[in-house]
Amino acid sequence: MTEARPAFYALAPGGWRDYVTLLHPPYTAWHLSYVAIGACLAPKLYEGRLAAALVAFFLALGISAHALDELNGRPLRTRIPDRVLLGLTIVPLATAVAIGIAGAVAFDAWLLAFVAVGLALVPAYNLELFGGAIHNGAGFALAWGAFPLLTGYFACAGTITWVALLAAGYAALTSYIQRVLSTPVRHVRRRVASVTGTAELRDGTREPLTAEQLYGTQERSLQLLAAANVCLAGALLVLRLT
């Protein structure tokens, strides 16, 4: 069996391709879409605040959290030096915090609570702190699903309403589905060396089992879910901007 890539979006290792892989492009876009959805559901859309929130989450989640995750065990098997990964963890996260603080000073001090939560989530989740208390399906759903959406909503509305909480439920549930689907995919792609065996059909014929059969359906579902959430965010943005 040819060695599988660590993720369907992973490029051949080495050079600039490692940095593209590190971003987890479809998943980063998926979770940034929650920020946009939250902002678009607010009574008034403030484009500048949404843009700032998107940049902050791209820095903190798209770069910092993923760099820290790669530093902690090399799951993507990149060749990025440890010192570079450490820099990609600290500098983007500090910049994201600065953006949040600036937003709090500009329009609502309560935004500092969201900044503090985001700052804590990156190391707590990716380093599996506190015995891995939040490094699980529920923690993933709340940290990278509900939290971005609520932040996007609050950034524009200055409050949290039932609309925001219901939408956060949607973000949490779809993120939980992502975790459920991606767990067996990651297991096969990153840990399984080979797959052997056959499936015996009722008519007596046999079909060979392959690694792709073990994760193909889940992986296609993940790709479609990522695209669906980005399309939803795009549709809401177009609706609010026109």
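Buried means under 20% relative accessible area, exposed means over 50%, and partly exposed lies in between (1.4 Å probe, protein chains only).

The model is predicted, with local features requiring pLDDT of at least 70, side-chain atom pairs counted only at pLDDT 80 or more, and totals for chains, interfaces and linings using all residues. Residues are numbered from 1 along each chain as its sequence is written, and side-chain values use heavy atoms, leaving out hydrogens and water.

Colour the helices next. Helices (H or I, at least four residues) are DSSP runs numbered from the N terminus.

Return to W144 and show its contacts, meaning heavy atoms within 4.5 Å. Beyond its neighbours within four places in sequence, W144 is in contact with H31, Y34, L61, L121, V122, Y125, N126 and S175.

**Helix α5**

Select residues 111–126, which form helix α5. This helix has 16 residues and reaches 23 Å from its first C-alpha to its last, close to the expected 22 Å; the expected span is 1.5 Å times one less than the number of residues. The buried residues of α5 are L111, F114, V115, G118, L121, V122, A124, Y125 and N126. They pack against α3 (47–71), α4, α6 (129–132), α7 (137–157) and α8 (162–191). Step just past the end of α5 to E128, where phi is positive, at about 55 degrees.

Move to T89 in helix α4. T89 counts as buried because its relative accessibility is 8%. Leaving out residues up to four places away in sequence, T89 touches S64, A67 and L68.

Now select V91, also found in helix α4 (residues 82–106). V91 has a relative accessible area of 52%, so it is exposed.

**Salt bridges**

How many salt bridges does a search of the whole structure find? It finds three, each a side-chain nitrogen of Lys or Arg within 4 Å of a carboxyl oxygen of Asp or Glu.

Select R74 and D82, whose closest N and O atoms are 2.5 Å apart. R74 is partly exposed because its relative accessible area is 24%; D82 is partly exposed too, at 47%.

Next, show R189 and E219, whose side chains meet in a salt bridge at 2.8 Å, N to O. This pair links distant parts of the chain, with R189 in helix α8 and E219 in helix α9, 30 residues apart. R189 is buried, with a relative accessible area of 9%, and E219 is buried at 7%.

End at E200 and R206, where the salt bridge is 3.5 Å, N to O. Both E200 and R206 are exposed.

Key
Helices (H or I, at least four residues) and strands (E, at least two) are DSSP runs, numbered from the N terminus.
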